Amino acid sequence: MIKKLSKTDNSKTTIIIRLMVGAVFLSEGIQKFLFPAIRGAGRFEKIGLPNPEFLGSFVGGFEIVSGILILLGLWTRLAAIPTLIIMIVAVATTKSEVLQNEGFWSMMHGSRTDWSMLLGGIYLIIRGGGKWSMDRVLKV
């Protein structure tokens with residue numbers, strides 16, 4: 001099963017998507033630990049998610065690990081799955097209120113990074129890590 005998940009194509013340009021998605025998730029995960037009151041547990045508590053202390057560390061940890069794996073191109077498809085879930089939850093929990101209160105265009109403006117990460121994750125799940133990835137080198 002791991003062999004199937006680490007299968008990739010020979011695309012040279014996938015590294016651009018991997019750098020974008022991996023760097024953003026790595027950075028956001030680190031910030032959940034550096035600034036928990038505004039990026040981690042405090043943020044999760046503000047939007048009403050249950051058990052924010054645990055959730056802040058849990059999500060931050062997944063973002064860091066997934067970000068590193070995506071940057072390396074190691075088990076890229078598998079690493080992109082948690083990022084997809086994180087982005088769906090992020091859009092559902094934070095942008096629906098903006099849509100209701102401020103309208104469609106405010107929601108779209110505020111969620112531009114969310115949509116980029118969501119679509120980048122989908123791309124990586126479909127295509128894999130590409131030519132310059134550990135998946136390609138290791139041929140797991």
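T14 lies in helix α2, where helices are DSSP runs of H or I with at least four residues, strands are runs of E with at least two, and both are numbered from the N terminus. The model is a predicted one, in which local features need pLDDT of at least 70 and side-chain atom pairs count only at pLDDT 80 or more, whereas totals for chains, interfaces and linings use all residues. Residues are numbered from 1 along each chain as its sequence is written, and side-chain values use heavy atoms, with hydrogens and water left out.

T14 counts as buried because its relative accessibility is 0%; buried means under 20% relative accessible area, exposed means over 50%, and partly exposed lies in between, with a 1.4 Å probe and protein chains only. Leaving aside neighbours within four places in sequence, T14 is in contact (heavy atoms within 4.5 Å) with D9, Y123, L124, G128, G129 and G130.

## The loop residue G128

G128, one of the contacts of T14, is placed in the loop between α8 and α9 (134–138). With a relative accessibility of 0%, G128 counts as buried. When residues up to four places away in sequence are not counted, G128 touches K7, T8, T14, T76, R77 and Y123. G128 and A79 are 49 residues apart in sequence, and 9.9 Å separates their C-alpha atoms in space.

## Helices α2 and α5

Two packed helices are described by the angle between their axes and the distance between the axes. For α2 and α5 the axes come within 7 Å and cross at roughly 150°; axes are lines fitted to C-alpha atoms, for helices over the stretch in contact, and angles run from 0 to 180 degrees between N-to-C directions. The two helices, α2 and α5, are therefore roughly antiparallel to each other, given that angles under 35 degrees count as roughly parallel, over 145 as roughly antiparallel, 65 to 115 as roughly perpendicular and the rest as oblique. The crossing of α2 and α5 is left-handed, a term used if the near helix is turned anticlockwise from the far one by less than a right angle, with right-handed used if clockwise.

On the α2 side, the contact is made by R18, L19, V21, G22, A23, F25, L26, E28, G29, I30, K32 and F33, and on the α5 side by G56, S57, V59, G60, G61, E63, I64, G67, I68, I70, L71 and L72. The residues of this contact of α2 with α5 divide into 13 nonpolar, seven polar and four charged, where Ala, Val, Leu, Ile, Met, Phe, Trp, Tyr, Cys and Pro count as nonpolar, Asp, Glu, Lys and Arg as charged, and the others, Gly among them, as polar. L19, found in helix α2 (residues 14–34), counts as partly exposed because its relative accessibility is 45%. L19 and G67 are 48 residues apart in sequence and 9.0 Å apart in space, C-alpha to C-alpha.

## Annotated spans

The UniProt record, an unreviewed entry, places the feature "transmembrane region" at residues 15–34 and 54–72; the positions are given in the numbering used here, feature names are shortened, and annotations may be inferred rather than shown by experiment. In the model, residues 15–34 are 100% helix and 0% strand, with end C-alpha atoms 28 Å apart. Residues 54–72 are likewise 100% helix and 0% strand, and here the end C-alpha atoms are 27 Å apart.

## Helix α6 and its partners

The axes of helix α5 (residues 52–72) and helix α6 (residues 76–102) come within 8 Å and cross at roughly 135°, which means that α5 is oblique to α6. This contact is made by V59, F62, E63, S66, L69 and I70 of α5 together with A79, A80, P82, T83 and I86 of α6, and its residues divide into eight nonpolar, two polar and one charged.

The axes of α6 and helix α8 (residues 112–127) also come within 8 Å, crossing at roughly 155°, so α6 is roughly antiparallel to α8. The crossing of α6 and α8 is left-handed. Among the residues that make the contact are T76, R77 and A80 of α6 and D114, W115 and M117 of α8, and the residues of the contact divide into 13 nonpolar, three polar and four charged.

## Positive phi in two loops

N51, in the loop between α4 (41–46) and α5, has a positive phi of about 45° although it is not a glycine. W75, in the loop between α5 and α6, is a residue other than glycine with a positive phi near 50°. At 34% relative accessibility, W75 counts as partly exposed.
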